[in-house]
Amino acid sequence: MQIFRCPACGASLYFHNTGCTCGQQVVFAPDAQVMLPLAEAEAEPCANREVIGCNWTAETGGLCRSCAMTETLPDLREDGNRPLWETSELAKRWMLANLIRWGWFTPDDPGARPVFRLLSENTASGEADIVMGHADGLITINVTEASEAVLAERQEELGELYRTMLGHMRHETAHFLFLRLSEDPAFPEAFRALFGDEREDYGAALQRHYEAPKPADNDHITSYATAHPHEDWAETIAHLLHLIDLVDSAAAAQLALPDGPEPGHDAYASGDTEHEITMAIDLAIAINHVNRAMDLPDLYPFVLTQGVRDKLDFAHGWLRRNATTP
């Protein structure tokens with residue numbers, strides 16, 4: 001993610017900021033990827049600005065592009081759900097802002113957009129069973145996992161090295177991107193040659209996975225990726241987005257190793273997957289070392305084999321080829 005500038009004083013602003021220390025209130029324009037003065041007539045704020053701190057510009061119906069994608073909110077009669085909704089929407093905006101840089105979900109993108117149901121296990125009527133997932137363009141997210149305590153418990157319980165709300169947003173949206181890319185007749189055959197046949201019985205495949213999970217291997221980034229080609233794709237896309245954004249964020253903060261990223265580097269403009277992934281891993285190893293000095297977990301605790309890198313390269317090429325103008 002980029003680091004932005006205050007339009008009044010030029011100070012650094014971060015993605016979540018609604019104002020600068022100089023007093024200037026700002027809104028984020030997702031297509032231009034800049035912070036604009038709130039007072040400008042063409043920069044009306046999202047209707048959720050005062051409710052959950054959304055700092056995007058409003059579009060149709062007074063909501064921003066991201067908030068407008070949310071069809072269902074968690075039960076706000078339960079007091080603890082409002083901050084979980086806020087955290088979940090921030091993760092969604094971050095994920096969408098990244099994809100917008102590849103041309104997805106912009107005014108020039110004529111394709112469908114995902115619809116989100118943000119639900120909580122805690123309701124005024126009692127506990128609810130929420131299953132995260134994607135079905136025909138509808139994405140269900142369990143905002144309960146926006147709680148740090150719950151998230152830590154699930155990470156340990158499920159043995160997942162990287163389980164975050166941003167990770168959930170990226171994974172589930174990857175399923176939607178598969179639908180969009182499948183509109184290109186060339187995509188399914190190319191996909192199946194590398195990931196396998198996604199027409200395999202999904203329910204049966206997941207049942208086999210949960211009964212006897214396989215470890216990550218040369219061709220799968222995580223254990224869950226071994227379950228079914230659809231999950232392999234979603235895990236691959238999520239990790240691609242993690243890694244590209246890691247490089248972009250490091251460049252924005254002017255962090256670099258001898259081999260890069262260079263000052264001003266735009267990771268989203270690059271089509272060289274191998275170079276971007278190599279920089280990301282080099283940065284992660286260096287930051288892992290720093291984290292250990294503070295007795296903190298590794299930033300990115302994964303090993304990228306050649307088989308996984310081939311899938312990352314495939315996914316990167318299709319996301320950029322389908323959504324941007326060369």
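Student: Which residue in strand 10 does His-134 stand opposite?

Tutor: This is a predicted model, and in it His-134 stands opposite Ile-139 in strand 10.

Student: What joins strand 6 to strand 10?

Tutor: Strand 6 (residues 115-119) runs parallel to strand 10 and is joined to it by 5 bridges; in one of these pairings, Arg-117 has Thr-140 as its bridge partner.

Student: Why is strand 10 called largely enclosed?

Tutor: Of the 5 residues in strand 10 (residues 138-142), 4 are buried, so the rest of the structure largely encloses this strand.

Student: What makes both faces of strand 3 count as covered?

Tutor: Val-26 and Phe-28 lie on one side of strand 3 (residues 26-29), Val-27 and Ala-29 lie on the other, and all of them are buried. Strand 3 is also joined to strand 4 (residues 34-37) by 4 bridges in an antiparallel arrangement, where Val-26 stands opposite Pro-37.

Student: Why is the contact of Asp-266 with Arg-101 called a salt bridge?

Tutor: The cut-off asks for a side-chain nitrogen of Lys or Arg within 4 Å of a carboxyl oxygen of Asp or Glu. For Asp-266 and Arg-101 the closest N and O atoms are 2.8 Å apart, so the pair meets the condition. The two partners come from distant parts of the chain, 165 residues apart, with Asp-266 in the loop between helix 8 and helix 9 and Arg-101 in the loop between helix 3 and strand 6.

Student: Are these two partners buried or partly exposed?

Tutor: Buried means under 20% relative accessible area; Arg-101, at 18%, therefore counts as buried, whereas Asp-266, at 33%, is partly exposed.

Student: How do you know that Asp-197 and Arg-192 form a salt bridge as well?

Tutor: Their closest N and O atoms are 3.8 Å apart, and this is within the 4 Å limit, so the pair qualifies. Asp-197, at 34% relative accessibility, counts as partly exposed, and Arg-192, at 26%, is partly exposed too. Through salt bridges that share partners, Arg-192, Asp-197, Glu-198 and Arg-199 are joined into one network.

Key:
Residues numbered from 1 in each chain as written. Predicted model: local features only at pLDDT ≥ 70, side-chain atom pairs only at ≥ 80, totals over all residues. Heavy atoms only, no water. Buried < 20%, exposed > 50% of the residue type's maximum accessible area, 1.4 Å probe, protein only. Helix = DSSP H or I, 4+ residues; strand = E, 2+ residues; numbered from the N terminus. Pairing = 2+ DSSP bridges.
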